[in-house]
Amino acid sequence: MLDINNLYAGIDGKEILKGLTLHVGTGEVHAIMGPNGSGKSTLANVLAGRPKYVATSGTVTYQGKDLLALPAEERAREGVFLAMQYPVEIPGVNNIYFLKAALNAVRKHHGQEELDAMEFLQLAREKMKLVELDEAFMNRSVNEGFSGGEKKRNEIFQMAVLDPKLAILDETDSGLDIDALRIVAEGVNALASEKHSVLVITHYQRLLKYLVPDFVHVLADGRIVKSGGKELAEELEQKGYEWIEEEMAATR
Amino acid sequence: MSSVLEEKLIAAPVHIDGEPERVRRIREQAADRFNVLGWPTTRSEDWKYTSLATLANIDWKIDRRQPEGNDPSSPFGDKPIAELMFVNGALHANRSALANEHPGIRVTPIREAMESESFTQHFSRYADYEKHAMTALNTAMWQDGAYIEIAPGTLVEGFIHLLFIGDDGIAAHNRNLIVAGRGSQITVVESFFGKGTYFTNTVTEIVAGDGAVVDHYKLENESLDAFHIGTVQIHQERSSSVTSRTIATGGGIVRNEINAALTGEGASLSMEGLFVLSGKQHVDNHTLIDHVAPHCDSVELFKGILDENARGIFDGRIIVEPNAVKTNSRQTNKNLLLSETAVIDSKPSLEIHNDDVKCNHGSTIGQLDEEALFYLRARGIGAEEARNLLVYAFASEIVERMKVDVVRENAGRALFARMPQHMPERRSEPR
C-alpha cells in the first residue's frame, strides 16, 4: 500500500523528517507514536500534500505510484485521506454540498457515475449514524461553530463517506473525551478491513485501546527508532518516551 | 474641465412636452447648478478615488428615438408582476408590462406621472442636485424612468422589475421615483446592462412612508466598457424598514452612490453591497447613512471580490445627528483580493453627535484562506473548484440573503460570469 523510503522532508527550509522509512501493507493498522516535535504531523502533512511541506530526498510509493509527484487533490482521489489535527472552519461552504462535491470528484476519477443529491443524502445519513453526528450539522458551514469533538467526528464522517484506501489520522484523539474517542475508534474500525490501511498518528496510547494496531512505531527526531506490536504502545504508556531516548542515547 | 457634453447641456436642458412648471424650473436650476459645480474631479474628497476625465471628454449622443425591435428580453421571464424596459433612457413600450390589474399599485413611466400628487410632493426632494454634480446633470437631463406608487396598506407579493439597457456611444439619464405609502410593502429590482461604450447616469429616489417595507435591488451588470453613475436616495419615515442591495459585477468605471436618511423614529435600514471585479474594472461605492431620528437601526455590509487589475472602493459614512439618540448602527466592509495587482480602498467612517448610541464599524482585506483551500483539495476537490467554492462562499453571505429566488439565482450567475477563469461550468471538467 505505502512504502516510505529514507524520506527527508521539512517546512520553510527546516528539516524535520530525517531518513524515515516505513512500510504499510494492505489491510494493516499502523500506529506512529512519538513525543512532541518528533515529526509526526510533518509526516502526515507530507503524505497528504500540504503546500509548503517539501520532501528533499527519499521516496514515497503509494499503490505503485510516486505519491509525492501528485497534487493534494489527486492523492485524495487515489484514496489517501488525512483526518486533520486542526480541521479548518470554512464559513459559507455548506457541509453537505462540500462533501458531495468531494465524493463525486473521487468517483469521477475512478470512472464511476456521480451520485445525485438523493443518493448522496442516503449515503450521508447512513454514515452520520456511525459517528453519531446530528443531521443538523450537515446543513451548516464546514466545521463552523463545531466543538472540538464535533470537528473530529466530522473528519471521521468524511472519511466514512469517501471510503479511502489509506486513512491517516493526525492526532485525531487529542482533546477528545472518552465517548468521542470511542465513536472515532468505531468509525475507523468500520473502515479498517482487508482492503484498507490505517496510519494512526498519536501522542497518547489511549486511542489504541479501542483501535488496536497491528504495528506500533516510535518516531523520534525525524526517524522511526523502534517498531513492535501493540504491546509497544502499552510499554510507552507506562515508561514514557524518556525510555526510548535513553535507549537511543545508549546505542550512539 | 470642458467637454462637448457640458456645452450641449448649457445649450439644451431637456424638456418634455407638457411638463409642469415646477419640473421645468427644477431642471433649469439643476442645469445651472451643474454648470457651476462642473464635473466632479479627484480634487474633491468625495471623488478622490475616481476620475471622470475620460467620461467627460467623450462626445456622447442622446438617443431620442422610441425603442423598438429586438432588444434583450427580461432575464426574469414572466416572474415580475410588472416590468418597465428603458433603452438608452427611453421607454420600450412593447417590452413593458404594467401592473394595472393590481389594485393599489401604480407602475408607469415617470413622464406620465408628473401631474400626480405624490410626484409633486416627492420628486427631486431627496436626491440633492445642489451638492451633487451628477445628480444635477441627471435632474436637468432625464428623459424618462419609472414611477412606482404603492397605496397605503397595500402588500405587494412578487416584485417589480426595471431594466435599463445602454447602447454604444449613447448617454442615458434615467430618473425613478418609488413611493411606498404608509404600511405598504414592495420589492423593486433595477437591472442595468448593455453593449459597447455608453454612459448611464441614473437616479432613484425611494420614499418609505410610516411602517412601509421596501426591498430594493440594484443589479449593475453593465458592459465592461460602460460608464455607470448611479444614485439611490432613500428617505425613511417612522418605523419604516428598507433593505437596499447593490450587486455590481459589470461596468468599466462605476460609481454607486447609496444614501439613506432615517428621518422617522424606529426606522430600520439594511444596506448591503457586493462588488465582483476583474480586468481593469473600477467600482467606487460611496454610501451615506444619516441617522436623523431617535431609535433607528442601520446595518451596512459591503463585500468586495477583486481579481486581476481591478480597483474597488468602499467609502462609507454614517452620521448620527444630535437628536438621534438610541441609534444602533453597524458598518462593515470586507474584501477579498484574488490577485497581487488588484487594489481596494476601504474607508469606513462614523460621525456621532450624541453619546447615547451603539455604533461600530470595521473593514477587512484578505486573500483566500490557504488552509481552507488545502482542506478542500485534501478531500479531492480540484484546486480551481476549491477556489471557486471559497470565492462563492465569501459572496454567499450577501447572495443567499436575497429573498427573490430568480434574482438571487441570477445574481449568483452574474457573479461567476464576471470571473472567466473561475466559471462554475468548468468545475466538472477533468483536470
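Predicted model: local features only at pLDDT ≥ 70, side-chain atom pairs only at ≥ 80, totals over all residues.
A residue is called buried if 20 or more other C-beta atoms lie within 10 Å of its own, and exposed if 12 or fewer do.

**First stop: helix 2 of chain B**

Select residues 21-37 of chain B, which form helix 2. The helix has 17 residues and reaches 24 Å from its first C-alpha to its last, close to the 24 Å expected at 1.5 Å a residue.

Which residues of helix 2 of chain B are buried? Colour V23(B), R27(B), A30(B), A31(B), R33(B) and F34(B), for these are the ones. Now turn the view to look down the axis of helix 2 of chain B: the buried residues fall within an arc of 165 degrees, so they line one face of the helix. On the other side, E21(B), R25(B) and V36(B) are exposed. Just after this helix, select G38(B), where phi is positive, at about 70 degrees.

**Second stop: chain A as a whole**

The C-alpha atoms fill a box of roughly 60 × 40 × 35 Å along the principal axes. For 252 residues, a compact globule would have a radius of gyration near 18 Å, and the value for chain A, 18 Å, agrees with this. Of the residues in chain A, 44% count as buried. Among contacts in this chain with a separation of 6 or more, 71% join residues 24 or more positions apart.

In soluble globular proteins, nonpolar side chains tend to be buried together. Here the largest nonpolar core has 194 residues, and F81(A), A167(A) and I168(A) have the most contacts inside it. Show chain B again and select its helix 7, residues 383-399, which supplies the largest share of this core, 9 residues.

Centre the view on A167(A). What does A167(A) touch, leaving aside residues up to four places away in sequence? Its partners are F81(A), A83(A), M159(A), V188(A), L191(A), H196(A) and V198(A).

**Last stop: where the chains meet**

Key. Residues numbered from 1 in each chain as written. Chains lettered and ligands numbered in written order. Rg over C-alpha atoms; globule rule 2.2 N^0.38 Å. Contact = placed C-beta atoms within 7 Å. Core = buried A, V, L, I, M, F, W, Y, C linked by C-beta atoms within 7 Å. Helix = DSSP H or I, 4+ residues; strand = E, 2+ residues; numbered from the N terminus. Expected span 1.5 Å × (residues − 1). Arc of directions from axis to C-beta.
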